[in-house]
Amino acid sequence: MLCKEPILVISNDKIDLSDLPSLPRIDYQPDPALIMLIDNWWKAKFPTPPRVSMKVDHMEIAKKMVASGLGYSILPGIVLEDHDRFHTIHLMTRDGEPLMWPTWLLYRKQFLQISMVRAFVKFMTESFGMTESV
C-alpha cells in the first residue's frame with residue numbers, strides 16, 4: 001500500500017451531510033471497488049438512494065461540474081488541488097473512523113528482474129516513504 005486518501009463530499013456551497021439525499025449528485029466512472037466503498041457508506045447512512053443528476057466519465061469532469069454549481073460529488077481527496085476552493089466533508093465509518101481509499105502498487109516479484117520495473121518500484125516506494133527495498 002502506497003497511501004490512503006480520505007473520501008470526501010465536495011460542493012460549491014456549504015451543505016449538511018443529512019441533506020445529501022435531496023441534493024443533486026454528480027457521479028463519475030471510478031474503480032468498481034471505489035463504487036462499492038461509497039455505495040456501502042451511503043446504504044449505511046441513508047435509507048434512500050442518491051439523487052444522481054448526471055453521470056460523467058472522469059473525476060476531473062465531476063469536479064468541474066461541482067465547481068459550476070451543478071451539485072455535489074463524492075471522491076478521494078487526492079483529486080483536490082491546493083487551489084481548489086470547495087467545501088468538503090470527510091466521510092466517516094459507523095465507528096467514527098475516516099473513510100479511506102487505499103492506493104496499492106501491485107507487481108509480481110519476478111518482474112523485478114526487469115531493470116525498468118525495478119527502477120519504477122524503487123522510485124514509487126521511496127516517493128511514498130516505504131521501507132521495502134527492491
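## A tour of the predicted model

Color by secondary structure: 3 helices and 6 strands make up the protein. Helices (H or I, at least four residues) and strands (E, at least two) are DSSP runs, numbered from the N terminus. This is a predicted model, where local features need pLDDT of at least 70 and side-chain atom pairs count only at pLDDT 80 or more, while totals for chains, interfaces and linings use all residues. Residues are numbered from 1 along each chain as its sequence is written, and side-chain values use heavy atoms, without hydrogens and water.

**Whole chain.** Trace the protein along its sequence. The pattern reads β-β-α-β-α-β-β-β-α. Now show the C-alpha trace. Along the principal axes, it spans about 55 × 30 × 25 Å.

**Contacts.** Of the contacts with a separation of 6 or more, 72% join residues 24 or more positions apart. A contact means heavy atoms within 4.5 Å.

**Surface.** Of the 134 residues, 31% count as buried. Buried means under 20% relative accessible area, exposed over 50%, and partly exposed in between (1.4 Å probe, protein chains only).

**Start of the chain.** Select Met 1. Met 1 lies in the segment before β1 (3–11). Is Met 1 buried or partly exposed? Met 1 counts as partly exposed because its relative accessibility is 38%.
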